[in-house]
Amino acid sequence: MSDINSYTDLRSGDIIVVRNYLVLWNPISWIGALIRLFTGSPWNHAAMVVEIWGKKYIVESMAKGVTVRPVSVWAKSNWGRRSKTVMILRYAYSFDYKKMNMIAFSKVGHTKYWFLGTLFFQAIYNVTRKWIGPKSEQKAGKRMYCSQFV
């Protein structure tokens, strides 16, 4: 984990994890609480920073599928909000960022969000430690939840 004070400090390959706090009058926050409950994680969302042609983007799996948007646009709705905690995870070793960017962008626009995986299969796995969902990467690759994507 790195000390990152601003979204402008993000680098390609950074993983962003988000925790939305439960707000009774905001039903969207209830979904985050359910995701944390069923996945057993303190975080309810994960995204990845990619860079292409010198510009940084956030690629993430959301309700409408795998999407991409500029870091500055993502930051307006996520960075510095009192109802959220954002943490940046940065790899301590180098890897092929171009390959990672290509893989991430290859999922944009056609890979759907996997509600059943998040709210059912993951919950079963956390209790039994046995995965009962699809085992074929070909089947699983057509839809995914955010932490599975990153």
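**A tour of the sheet, strand by strand**

Start with strand β1. Five of its six residues are buried, so β1 is largely enclosed by the rest of the structure. Keep in mind that this is a predicted model.

**Stop 1: the neighbours of β1**

Select β1, residues 15-20. β1 and β2 run antiparallel, and four bridges join them. Click on Val 18. Its bridge partner in β2 is His 45.

Next, select β5, residues 84-89. β5 pairs with β1 over six bridges, again in the antiparallel sense. Which residue of β5 stands opposite Val 18? Look for Val 86.

**Stop 2: the whole sheet**

Show β1 to β5 together. In what order do the five strands lie? The order is β4-β3-β2-β1-β5, and the sheet is open. Its pairing is antiparallel. Find the edges: they are β4, residues 65-70, and β5. Each edge strand pairs on one side only. Turn the view and follow the twist. From one strand to the next, it averages 25 degrees.

**Stop 3: the β4 edge**

Select β3, residues 55-62, along with β4. How many bridges join β3 to β4? There are six, and the two strands run antiparallel. Pick Ser 61. Its bridge partner in β4 is Val 66.

**Stop 4: the helices on the sheet**

Select helix α2, residues 71-78. α2 packs on the sheet and touches β1, β3, β4 and β5. Look along β4 and compare directions: α2 makes an angle of about 100 degrees with β4.

**Stop 5**

Zoom out. The chain has six helices and seven strands. Trace them from the N terminus: β-α-β-β-β-α-β-α-β-α-α-β-α.

Colour by burial next. Of the 150 residues, 36% count as buried. Then show the surface. The accessible surface comes to about 9,400 Å², and 60% of it belongs to carbon and sulfur atoms.

Note on methods: Residues are numbered from 1 along each chain as its sequence is written. This is a predicted model: local features need pLDDT of at least 70, side-chain atom pairs count only at pLDDT 80 or more; totals for chains, interfaces and linings use all residues. Side-chain values use heavy atoms; hydrogens and water are left out. Two strands pair if DSSP finds at least two bridges between them. Axes are lines fitted to C-alpha atoms, for helices over the stretch in contact, and angles run from 0 to 180 degrees between N-to-C directions. Contact means heavy atoms within 4.5 Å. Buried means under 20% relative accessible area, exposed over 50%, partly exposed in between (1.4 Å probe, protein chains only). Accessible areas come from the Shrake-Rupley method with a 1.4 Å probe; for residues, only the protein chains shown count as cover.
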